[in-house]
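Subject: Structure handover

Hi,

Here is the structure I promised to pass on. Please open it next to this email and follow along.

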Amino acid sequence: SLQSGTAEPAGEAGVPAALAAEGADLPAGAQPLATIERTRARFLVQRVRLSLVGREGAPLASLHAGGIELTAHRDMSGQGAHFRLDELYVDDRTAADPLRSRLVESNPSRASAGGGPEESSLVQLQYLRSAAGAADELHVRFNRLHLEWNPATITALLAFFRSPAAGAAAAAPPDA
């Protein structure tokens, strides 16, 4: 979503105040149409799922990420940005026991904690810059991340990422 501030009325030959403020050439008698007092942009992804499959077609792992949000704002007092990642899970698809298939789990106790996103997000970053020339601020907050180590799966994943794509060799042009 994109939100803008209030508008100031102007004459018939008005131009946007942003152009006037930037020193743009204005027609004779032109007045600014509006002054943007506040701008805010928000990008939100509810859920992303990525499945990794080996060369033989056997599933290796699946990654789930949720609550990905990036917000940027600018107003008369300054500007800033906020990033949040609520959850991250990686499931081992090679595991024989489905109950022990979770390699990575963000905040496994969140269900019992009952906290909101600000208390249960895996990562939160906030950057603030004041228009008055004050020092910039960076706020970082991390929550718990539970990791399991399955050597066979880690070896398979490393081989997956180190090997060239199966179609890359076939798509390469022949040497002349």
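Below is what turned up, grouped by topic.

One caution to begin with: this is a predicted model.

**Salt bridges**

A search of the whole structure gives 7 salt bridges.

Start with Glu87 and Arg47. They form a salt bridge, and their closest N and O atoms are 2.3 Å apart. Glu87 sits in strand β4, while Arg47 sits in strand β2 (residues 38–53), so the pair ties together parts that are 40 residues apart in sequence. How do the two ends compare, buried or exposed? Glu87 is buried, because its relative accessible area is 11% and the cut-off for buried is under 20%. Arg47 counts as exposed at 56% relative accessibility, as the cut-off there is over 50%.

Next, Glu69 and Arg84. Their side chains meet in a salt bridge at 2.5 Å, N to O. Glu69 belongs to strand β3 (residues 59–75) and Arg84 to strand β4, so this pair links parts that are 15 residues apart in sequence. Both Glu69 and Arg84 are buried. Salt bridges with shared partners also join Arg42, Glu69, Arg84 and Asp86 into one network.

Then Glu105 and Arg102. This salt bridge has its closest N and O atoms 3.9 Å apart. Arg102 is partly exposed, with a relative accessible area of 31%.

Ser101 lies in the loop between β4 (78–92) and β5 (102–106). Ser101 is buried, at 11% relative accessible area. What does Ser101 touch, not counting residues up to four places away in sequence? The list is Val90, Asp91, Asp92 and Ala95.

**A nonpolar patch on the surface**

Which residues form the nonpolar patch on the surface? They are Leu125, Tyr127, Leu138, Val140 and Phe142. Together they have about 490 Å² of accessible area. The elements that give two or more residues to this patch are β6 (123–130) and β7 (137–142). Strand β7 provides the largest share, 3 residues. Phe142 lies in strand β7. At 60% relative accessibility, Phe142 counts as exposed, because that value is over the 50% cut-off.

**The aromatic pair**

A pair of aromatic rings is described by the distance of the centres and the angle of the planes. The count here comes to 1 aromatic pair. The rings of Phe160 and Phe161 have centres 5.1 Å apart and planes at 85°, so the pair is edge-to-face; the cut-off for that label is over 60 degrees. Phe160 is partly exposed, with 27% relative accessibility. Phe161 is exposed, with 60%.

**Arg55 and the residues around it**

Arg55 lies in the loop between β2 and β3. Arg55 counts as exposed, at 58% relative accessibility. Where does Phe160 stand relative to Arg55? The two residues are 105 residues apart along the chain, and their C-alpha atoms are separated by 8.0 Å. Leaving aside neighbours within four places in sequence, Arg55 is in contact with Ser163 and Pro164.

**Where to look**

- Arg42, Glu69, Arg84 and Asp86, joined in one salt-bridge network.
- Phe160 and Phe161, the edge-to-face pair.
- Arg55, in contact with Ser163 and Pro164.

Best wishes

How values were computed. Residues numbered from 1 in each chain as written. Predicted model: local features only at pLDDT ≥ 70, side-chain atom pairs only at ≥ 80, totals over all residues. Heavy atoms only, no water. Helix = DSSP H or I, 4+ residues; strand = E, 2+ residues; numbered from the N terminus. Buried < 20%, exposed > 50% of the residue type's maximum accessible area, 1.4 Å probe, protein only. Contact = heavy atoms within 4.5 Å. Phe/Tyr/Trp six-rings, centres within 6.5 Å; stacked < 30°, edge-to-face > 60°. Salt bridge = Lys/Arg side-chain N within 4 Å of Asp/Glu carboxyl O. Patch = residues over 30% accessible without salt bridge, like charges linked within 9 Å, V, L, I, M, F, W, Y side chains within 5 Å. Areas by Shrake-Rupley, 256 points an atom, 1.4 Å probe, with all protein chains shown as cover.
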